[in-house]
Amino acid sequence: PLVSMKEMLNIAKENQYAVGQFNVNNLEYAQAILEAAEEEKSPVILGVSEGAARYMGGFKVVVTMVNALMEEYGTTVPVAIHLDHGSSFEKCAEAIHAGFPSVMIDSSHLPLEENIALTKKVVELAHIHGVSVEAELGRIGGQEDDLVVDDAEAMYAIPAECDQLVRETNVDCFAPALGSVHGPYKGEPNLGFEQMEEVMKLTGVPLVLHGGTGIPLKDIQRAISLGTAKINVNTENQIMQTKKIREVLAVDTEVYDPRKYMGPGREAIKETVIGKMREFGSSQKA
Ligand code: G3H
Ligand code: ZN
């Protein structure tokens with residue numbers, strides 16, 4: 001069933017595992033991720049960036065596509081569709097009205113008071129509709145779609161400010177930027193675990209780790225032990241899908257039927273997602 005993230009993440013936090021948010025770029029991603037979740041008996045979050053939604057034809061197309069697939073598959077595990085890095089109140093409202101059960105408002109580029117004010121406004125609307133909300137503080141480096149943050153702009157969240165934001169906005173989960181990066185890491189990630197522990201103690205809400213691609217298992221496990229209940233992965237699926245497609249095209253230079261290479265690409269996404277669900281400990285939890 002399609003659900004918000006609230007219960008899903010509270011249960012994950014209590015039981016010391018994390019639910020994966022896997023970003024959807026097109027039909028094959030939705031298929032691969034839903035199949036992986038059902039096979040693994042894992043709750044799952046389908047992340048949709050504004051850019052990806054535009055690519056697929058809009059928020060309504062995404063909701064209709066996912067609902068149709070879930071009906072066809074007879075999906076039994078909890079599934080959330082979540083607006084990833086929502087850029088404005090208007091975009092969040094549009095997603096909510098299109099049927100998204102969950103949204104992120106990313107006003108992390110604004111000064112604290114403005115970030116809080118905008119997040120609060122989104123929470124007020126969202127909660128009327130039973131929709132869960134994620135907020136961010138600090139700035140996650142790297143690039144995801146329209147969102148580009150260079151090294152100099154990347155910023156660690158300050159725990160006291162996180163506490164204030166969570167208390168004043170009533171968000172359901174929270175992403176403190178603590179050194180994670182969108183896209184591949186340059187060298188080993190250097191996550192701020194001390195701040196993460198402090199944020200967890202101060203706020204008590206499930207924490208979200210963005211930039212899940214390329215984080216070593218030991219860091220994943222440590223983050224989960226410190227209250228991380230949602231981990232976002234996008235780039236790794238894209239890399240594995242594209243690698244597979246390149247292989248198929250290199251072996252058969254005559255192929256032109258898209259199903260002959262998109263199909264294997266879809267399998268690569270599914271295998272990658274299954275691997276992550278096992279690493280995050282969400283397998284067999286639904
Ligand atoms: O919001 C989405 C994620 O944070 C994805 O990060 O592309 O580095 O896996 P990633
Ligand atoms: Zn992100």
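A residue counts as buried here if 20 or more other C-beta atoms lie within 10 Å of its own, with C-beta atoms placed from the backbone. Keep that in mind for the views below, which all show a predicted model.

View 1. Let us start with helix α8, which spans residues 193–203. Which residues of this helix are buried? They are Gln195, Met196, Val199, Met200 and Thr203. An α-helix has 3.6 residues a turn, so residues three or four places apart point the same way. Turn to the other side of α8 and you will find Glu194 and Lys201, which are exposed.

**View 2. The surroundings of α8 include both helices and strands.** The buried residues of α8 pack against α7 (159–169) and α9 (217–225), and also against β8 (173–176) and β10 (207–209). After the helix comes Gly204, with a positive phi near 75°.

**View 3. Strand β1 is mostly covered.** Here you see residues 19–23, and five of the five are buried. Val19, Gln21 and Asn23 point one way from the strand, while Gly20 and Phe22 point the other way. In a regular strand the side chains alternate between the two faces of the sheet.

**View 4. β1 runs parallel to β11 and to β2.** Four bridges join β1 to β11, and Val19 has Lys230 of β11 as its bridge partner. Three bridges join β1 to β2, which is made of residues 44–49. To get from β1 to β2, the chain passes through helix α2 (residues 27–40), making a right-handed β-α-β crossover.

**View 5. Three strands form an open sheet in the order β7-β6-β9.** The pairing in this sheet is mixed. Strands β7 (147–149) and β9 (181–182) are at the edges with a single partner strand each, so one side of each has no neighbour in the sheet. Strand β6 (residues 141–144) runs antiparallel to β7, and three bridges join them. One pair to look for is Glu144 with its bridge partner Leu147 in β7.

**View 6. Ligand 1 is surrounded by 16 residues.** The closest are His210, Thr213, Asn232, Asn234 and Thr235. By class, the shell has 12 polar, three charged and one nonpolar residue. β3 (79–86), β11 (228–233) and α10 (235–251) each supply at least two residues of this shell.

Methods:
Residues are numbered from 1 along each chain as its sequence is written. Chains are lettered from A and ligands numbered from 1 in the order in which they are written. This is a predicted model: local features need pLDDT of at least 70, side-chain atom pairs count only at pLDDT 80 or more; totals for chains, interfaces and linings use all residues. A residue is near a molecule or strand if its C-beta atom, placed from the backbone, lies within 6 Å of it. Ala, Val, Leu, Ile, Met, Phe, Trp, Tyr, Cys and Pro count as nonpolar, Asp, Glu, Lys and Arg as charged, and the others, Gly among them, as polar. A residue is buried if 20 or more other C-beta atoms lie within 10 Å of its own, exposed if 12 or fewer, and partly exposed in between; C-beta atoms are placed from the backbone. Two strands pair if DSSP finds at least two bridges between them. A crossover is right-handed if, with the strands pointing away from the viewer, the path from the first strand over the helix to the second runs clockwise. Two residues are in contact if their C-beta atoms, placed from the backbone, lie within 7 Å.
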